[in-house]
Amino acid sequence: MSAERDESARGQTTLDFAVGAGVFLVTLAGVLAGVSAFFDPFIGVQSQTLTVADAGAAQLTEGLLVADGAEPGVLSGPCTVAFFTANDSLASDYDCTASGTTDFASAVGIEEYGAEVVIHEPTDPVTQEATVEIPVEGTTHSVTLRRSNSDTVPTDVSVARRVVSLDGTIYRLTVRVW
């Protein structure tokens with residue numbers, strides 16, 4: 001019995017190795033590209049304004065405009081009217097956290113940024129604020145639910161959204177910061 005080696009019975013060919021190495025390198029490049037893109041939202045100025053927008057939305061829906069601290073997202077009618085109409089006397093009468101005439105960016109601690117808060121119907125776009133009738137002590141207030149500390153809103157903004165309830169109706173609160 002001879003111990004000849006049969007060249008056609010090799011377990012791996014050069015072509016098999018090249019295809020396997022190529023697939024590995026393409027996969028590795030895809031993973032590395034995806035990992036770097038994963039961290040993009042948290043790098044630079046954009047991440048600062050994103051964090052500020054989220055903090056502002058949280059402050060509004062969990063403290064400044066709420067009826068009861070135990071129910072975040074359920075807005076107080078009088079405090080909402082006081083905030084959006086800049087009514088200091090109504091804010092003090094109902095012990096609202098945010099002063100009516102205080103710039104809302106100051107109220108949520110984001111004075112150094114341009115900012116806007118809008119409450120709108122869940123199906124409406126961000127640019128379409130809601131105008132609602134809110135009863136306060138027998139008087140109905142017609143309130144447009146938009147407040148801004150700037151006349152213009154650029155296109156490059158950071159946005160935070162919350163779902164809120166006002167007088168039993170569901171709305172979407174949007175805070176935009178630039």
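These are my notebook entries on what I looked up in this predicted model.

**Ground rules.** I number residues from 1 along each chain as its sequence is written, and my side-chain values use heavy atoms, with hydrogens and water left out. Because the model is predicted, local features need pLDDT of at least 70 and side-chain atom pairs count only at pLDDT 80 or more, while totals for chains, interfaces and linings use all residues.

**Overall layout.** I looked up the secondary structure (DSSP runs numbered from the N terminus, with helices being H or I of at least four residues and strands E of at least two), and I found 5 helices and 7 strands in the protein. Read from the N terminus on, the elements run α-α-β-α-α-α-β-β-β-β-β-β.

**Surface and contacts.** Of the 178 residues, 34% are buried, a term that stands for under 20% relative accessible area, with exposed being over 50% and partly exposed in between (1.4 Å probe, protein chains only). The protein exposes about 10,400 Å², of which carbon and sulfur atoms supply 55%, with areas taken from the Shrake-Rupley method and a 1.4 Å probe. I then turned to contacts (heavy atoms within 4.5 Å); among those in the protein with a separation of 6 or more, 58% are between residues 24 or more positions apart.

**Helix α3.** Why is helix α3 largely enclosed by the rest of the structure? I noted that 8 of the 9 residues in α3 (residues 77-85) are buried, so the helix is largely enclosed; the buried ones are Gly77, Pro78, Cys79, Thr80, Val81, Ala82, Phe83 and Phe84. Just after α3, Ala86 takes a positive phi of about 55 degrees.

**Aromatic rings.** My search of the whole structure gave 1 aromatic pair. The ring centres of Phe83 and Phe84 are 5.1 Å apart and the planes stand at 90 degrees, so this pair is edge-to-face (rings of Phe, Tyr and Trp, the last by its six-membered ring, pair if their centres lie within 6.5 Å; planes under 30 degrees apart are stacked, over 60 edge-to-face, the rest tilted). Arg147 lies over the face of Phe83, 4.8 Å from the ring centre, where the rule is NZ of Lys or CZ of Arg within 6 Å of the ring centre and within 35 degrees of the ring normal.

**Ser165.** I found Ser165 in strand β6 (residues 158-166), and at 17% relative accessibility Ser165 counts as buried. Leaving aside residues up to four places away in sequence, Ser165 touches Gly73, Val74, Leu75 and Ile170.
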